[in-house]
Each structure stands twice: as structure tokens, then as C-alpha cells.
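In these notebook entries I record what I looked up in one structure. I took the arrangement of the chains to begin with, then a helix, then pairs of charged side chains.

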2 protein chains.
Amino acid sequence: MTDDITSRDQGRKASRRGSGRPTIADVAKLAGVAAITVSRALRYPSQVSAELRAEIDTAVAQLGYAPDPNARALASARADVIGVLVPSLTNIVFADTLRGIYDGLGDGPLQIQMGNTHYSPREEERLIRMFLSQRPSALIVSGIDQTEATRQLLESADCPIVQIMEYGDDPVDMLVGFSHFDGGKVATSHLIEAGYRRIGFIGARMDPRSQRRLAGYRSALEAAQLFDPKLVTTTLTPSRVSLGGQLLADALAKVADLDAVFCNNDDLAMGVLFECQRAGIAVPHRMAICGFNDLDMMRVAYPSLTSVRTPRYEIGRHSVQMVLDRLAGRPIASPIVDLGFELQVRESTML
Amino acid sequence: MTDDITSRDQGRKASRRGSGRPTIADVAKLAGVAAITVSRALRYPSQVSAELRAEIDTAVAQLGYAPDPNARALASARADVIGVLVPSLTNIVFADTLRGIYDGLGDGPLQIQMGNTHYSPREEERLIRMFLSQRPSALIVSGIDQTEATRQLLESADCPIVQIMEYGDDPVDMLVGFSHFDGGKVATSHLIEAGYRRIGFIGARMDPRSQRRLAGYRSALEAAQLFDPKLVTTTLTPSRVSLGGQLLADALAKVADLDAVFCNNDDLAMGVLFECQRAGIAVPHRMAICGFNDLDMMRVAYPSLTSVRTPRYEIGRHSVQMVLDRLAGRPIASPIVDLGFELQVRESTML
DNA sequence: GGCTCGTATGATAGCGCTATCATAACGGAA
DNA sequence: TTCCGTTATGATAGCGCTATCATACGAGCC
């Protein structure tokens, strides 16, 4: 047992030749055709006659042949890989989007190579450089706040590029997302209309998208002449449910008559709710709570929590569809797609 | 602008030659050495004299050279890629583990290729076949319930393999995880000791790991002669917070005097808590709640929720470390690692 | 019947890198 | 001095596949 395991080393063959697995040449020989014909039969079946195709399929099955993607990538100067860059893996938002991307790809030949930028533009640049070096079929990157150098890298890349999660009018190539500014503005306007007057903003991480939601919040409050810098409570710490309660306490310490909070995301909103329960602050009567993203739990919380539903999964699906269309040479309806959002009004903001 | 975009096609060069990017030969020429020396300087710097190394580094920097991973993989019969298979992307459990894997890899040359099996052994088999065809440096797979065919594929693969998330004594190669059976048993024993007598099990998805937790639950109850099949309420539906409340209602309909629930995961536990709040069921006096995984929110919920803390992130870190050790030829302390779990007792089970 | 044209297949030559073997240079032991 | 072993570098030959050009062949046309 242990011997068995230790013998499993890096696996470099002693001899150079023959990886052990069948190659396209083996298939060709067995089928009695040239290697290039096998290649064509596998990639463009319509270019090969039915008889040869049958022979080749038989040979492939018999040998259990599977093409080597590395050799293919080298010869065709194009890897069947889509690079995907997300700023975080623990953030459910990106997990949903990733799921959409995987679902959109289905059983196709394209594989995902994922990179985690940790919300760092420099790390993003490093990863893009690395991804580009293998000539991916496409790149999907999060947000529109790339560094100047990154943007140039992307501009000169010879593959489709999709920027996701945000809305903007100047994408590198294509873009799918929604306006975080508008999301923040609509949520805040709703709180104003519901009759709340001392509406706080609670935010963690404060990445560019959070900043835009904050800007939307501020814009709505300023329009109603209700803005006050003291109402804003943020931290650079990554968001967690447990942070919501702390930030609410901080906010209340600054603004005793706070009567509503717009939370940068649902985790914080949930934390705020628990803190209110613990402190005996009645929701929504003494405190309204609004989240962002509309995770499943918002609907079932007690009281149920208002939130802004965002099209996370759809963004993933749509971005892949654009990539596939482009790769297949199909026309793209529009390179810039706004998938919008939807305010879900629930008990937590019904005064 | 639009022209700019539509001109960005698949990017196949009209001419075959020259991808445009510098190759190792360009660097070699500029540095006045042979290509193989450049290769060595980059991969095994100690094998090249300091002078040549300096020349080569300069040339690399000047040309902005980056090795082509595809060519490298083809020539060395080994791709700098680790295949990672997870059953779900939305499940925070795997997101945490993935984060551990990425963190463990750091800035190294190894890249992750991820596959989502959707809890399907057949899909897992397909993906493993696909991954293996590119000769990955290693494979990390979730669980120990592979099909027979998959297991054989893995046994004969010539790269390190780590099975993660579970504990077992017969891994394909290496294994890092913990015992879900024991987790379920410890949680249930705690409820018994706390004085609860009609302890239900609430489970969604019911994948193999959920099944083992259920088995642990049953084992504890049977030992105390408290087991009753009616106490178990499960569904194959994927887990969601909103499902917790539904399942609790189902459970109460079957067992009116239910006084505790062990939930298969924290999402369900949270849903159960909300349902109790809504229905006016006092926690923990009329109903105890215990979750599994111990997500951050369990600690701050009101009342705080008991849960079994699982080493998700650590499993990711550890599995990568084993892979790196093996690839570097370092000895592995033990191919089977039990990272354990820890019951976190909180208000929701303190009668 | 000779010609062009389109379709099906094949031969050749790499893609960019590294495994392998060969060679050169040098120091120390006999 | 001669021989051997060691270290640093290079030449060569692929890895497995596909782009490109070449060829064969039949259909259709004047």
C-alpha cells in the first residue's frame, strides 16, 4: 500500500517516446487514413466522407483515443480554455456567476481557468498576463476598474474579452452587468419614500462596486436633502454576517436617531437584523433594513428583508453566450448588455 | 468603436508563422546562448552560471518573454495544471475549500482547472477523463464515492491524487478530510445529553456526506434507544435557507412533540430558526437547533446557533501542500489525514 | 474532348518547448 | 603527465497536433 503510493511520483517516463496513450497517428494507421484526416474528422466532420468518418470513429473508440489539448493548443495557437477572473471565491455573488458560466459552457470543449484576484488590481494584472500567455479562447474579467496597463493588455489581446458585473459605456470589448449606482439609488429612494429620514449606509470591503452603490445612496439622499456624512459607516474588512452587527453598533453610536440602514450586501443586512433582535430594536418600526443581492435567506428571514435582486447567475450565462457567439462567428446583438436589477420590497422596510 | 470590436475575431493569424510574441529562441539569440540554456536558466537557475543567467534575465526582461505553457506541457508531457473537482459551486463549503487551494498554491506556476460535477458520479467520471487527457500535475477530487470506472482511471493515472472532504481508510492515493459520521454522531449525542428526547434530522440534497451524517445521527439515537424513523425528514432538493422552514413544518406534521433538530447544514438550520421565530416556537426551550459547518452567521444569529465546525479551508490548504510535497519529491508524513471537526455549543441547544 | 471548378484526401513542415545525449573545460588523483 | 569525474553548455530530435499547400478525381460547361 505505502509502496504503491510512494512509487506514484511525478510520473516522468524514463523513456522519452510514447506517453503510453494512443496518438492521432495510431488512430490514422488503424483507420488506414492520414493523420490530418483524423484531425478533420474530429473537428469538422462535414469535411470528411461518411465512410472514412465511420472508419475513424471505430478506430477512435477501439483505441480509446482522446486528443491532447496541449498539442492541439500548440499547433493551432489557441487553447480551448476560457480564463475567468473573480475577486473572491467566498463571496456568493461570484459563486453564482461562476455557476452561470459553467452552465453556459455545458459539455462543450471549452474549459475554465479561474483566477482569484483578491480584489487587487495588481494581482489581476499578473493573472491576466499569465492567462494571456496560453492564448485562451476568451477572457472574462470582473469589473471595469482595471489598471491602465491591464487595460492595454486586454485591448491588444487577440481573443474575445467580457467584463462582467458592472455597467459602463466603454468596455474593452464586451460587457454584461448592471448599474450598482442605480441599485444603491433605487434602494435608498425606496427607504425615503417609505418614510425613513435618518438612513444610514453600512458597507464592508468597499471595492469599486460597493463605492458605486454608496454613490447611488448618497445621490438619492442628497436629492432629498437628507444626506449627512455621519450616516455612512464603512470598513475595508471583508464582509461577514458578524460584521453587520458591529457596524450597526458603530452607526448608532454616531447617529442615535438612525431609523434605517442600506447595507452594501445581504450578509451585513442579516447581521444587522440579528443585532436588532438582540438589542430589542423593532424592525421595521424603529429600524428599517435593506440589503443588496437578494440571497435566498432574505425572503425567509423574520421579518423578511428587503433587498436588491441582482442577476448574478444570468451575468455568467450571458457572458459565456457572448463568447460562444463570437467564437462561432455569430453576430453579437450588442456588445454592452445591462441585465438590470429589481428591488424586492419586504417586511423590513414597511413602516 | 464598433468596428474595433467586430474586428476582434477568433484571432487566428493569417500567416502560420510567428505568434507575434517572443519565443525562447528569440531570448537565446539576444543573450547569445542556446535555447536549451534559456530553458534551464528559467527552470533550474542553479544549473546555469551566474554570468549567463544575468544575460538571459536581461534578454527576457527586454523582450517581455513569457514561456508558452502549452509548448512546455507538450514537450515535458506534464501540464502545470491541477485539476480540481467539486460537486457544487454555490455550496459555501466548497468555496472555502477552493479558497484554501488557491491560497496554498500562492504565486507558484501551478494553475487550477476546476470542474463542477453537480453531485453526479457520471459527470465526475467524464470530467476526470477530460482532465487526465491533458496530463495534469495533480488531481484533487471531492469525496470517496467515485464509480468503479472512475476509481480505476484514478488508480492508473500517473499523477498525485488527493481525495478531500471525507475520511476513509482506502484512498486512491492521498486523502484529507474528516468523518461526517462522527460529526453527525457527536452533534446528536450533544442534543441527547442536553436533555432533548425527540430529536429530528433535517436534510437536503442527501449526497454521500449527508448520508453519513445521517448515519451518525441514527447511531447516536439508537445507542440511546431514542431512534424513530419518523424523526428523519429529508429531500433530494438542493439545500437552501428557505428549505429549512418547509422541512421543519413537514417534520412537525409527522412528530408533534419534536423538541430538537439536527440539520444537515447551516443553511437549513438558519431556515429552521426563522420558521421557529415566525411560528412563535421558543428556541431552545421548545425546540433546539443544531447545524453543520459552523458558518460565520451561526455565531451571531439570535439566539446563536450550535453547529459542528468543519475544517473546510484547511482541507484545501492541506491537500495542496500534499500535492506540492509530492511533486517536489518531499516525503509525505501520512497519505491519510483526518483534520477533525469541533462542536460549537451555543444558545440554540442550551435547554 | 478539353477545360475549369469544387470536393475529398494527403504530404509536409512546423507550433515552442524540453529530454537526451554529446561535448568542452577544468581540477584533482594516480 | 595521464586519466577520470564533475560541471557548464550545446546540438539534435522530437512531444502530438494542425496550417498550408498539393494532389486526385469527378461533375459540369462550352
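The entries below follow that order.

**Entry 1: the model and its two chains.** I noted at the outset that this is a predicted model. I then asked what rotation superposes chain B on chain A. I found a rotation of 180 degrees with 0.1 Å of shift along its axis, and the RMSD is 0.1 Å. That is the relation of a two-fold axis. I also looked up the interface: 100% of the interface residues of chain B are interface residues in chain A as well, so the copies meet through the same surface.

**Entry 2: helix 11 of chain B.** I checked the length of this helix, which covers residues 241–254. Its 14 residues should span 20 Å at 1.5 Å a residue, and the end C-alpha atoms are 21 Å apart, which agrees. I listed its buried residues, among them B:V241, B:L243, B:L247, B:L248 and B:A251. Against which elements do the buried residues pack? In chain B they pack against strand 6 (199–203), strand 7 (232–234), strand 8 (260–263) and helix 12 (266–279). They also pack against helix 13 (296–300) of chain A.

**Entry 3: salt bridges.** I recorded a count of 46 salt bridges over all chains. Side chains of opposite charge can pair when their charged atoms come close.

The side chains of B:R312 and B:D96 form a salt bridge, at 2.8 Å from N to O. B:R312 belongs to helix 14 (residues 312–327) and B:D96 to helix 6 (residues 92–105), so the pair ties together parts that are 216 residues apart in sequence. I noted that B:R312 and B:D96 are both buried.

B:E123 pairs with B:R126, with the closest N and O atoms 3.1 Å apart. These residues are three apart in helix 7 (residues 121–132), and therefore separated by about one helical turn. Is B:E123 buried or exposed? Its relative accessibility is 18%, so B:E123 counts as buried, whereas B:R126, at 25%, counts as partly exposed.

B:D145 forms a salt bridge with B:R212, the closest N and O atoms lying 2.9 Å apart. B:D145 is in the loop between strand 3 (138–142) and helix 8 (148–156), and B:R212 is in helix 10 (residues 208–223), 67 residues apart. B:D145 is partly exposed at 33% relative accessibility, and B:R212 is partly exposed at 23%.

Conventions:
Residues numbered from 1 in each chain as written. Chains lettered and ligands numbered in written order. Predicted model: local features only at pLDDT ≥ 70, side-chain atom pairs only at ≥ 80, totals over all residues. Heavy atoms only, no water. Least-squares fit on C-alpha atoms with pLDDT ≥ 70 in both. Contact = heavy atoms within 4.5 Å. Helix = DSSP H or I, 4+ residues; strand = E, 2+ residues; numbered from the N terminus. Expected span 1.5 Å × (residues − 1). Buried < 20%, exposed > 50% of the residue type's maximum accessible area, 1.4 Å probe, protein only. Salt bridge = Lys/Arg side-chain N within 4 Å of Asp/Glu carboxyl O.
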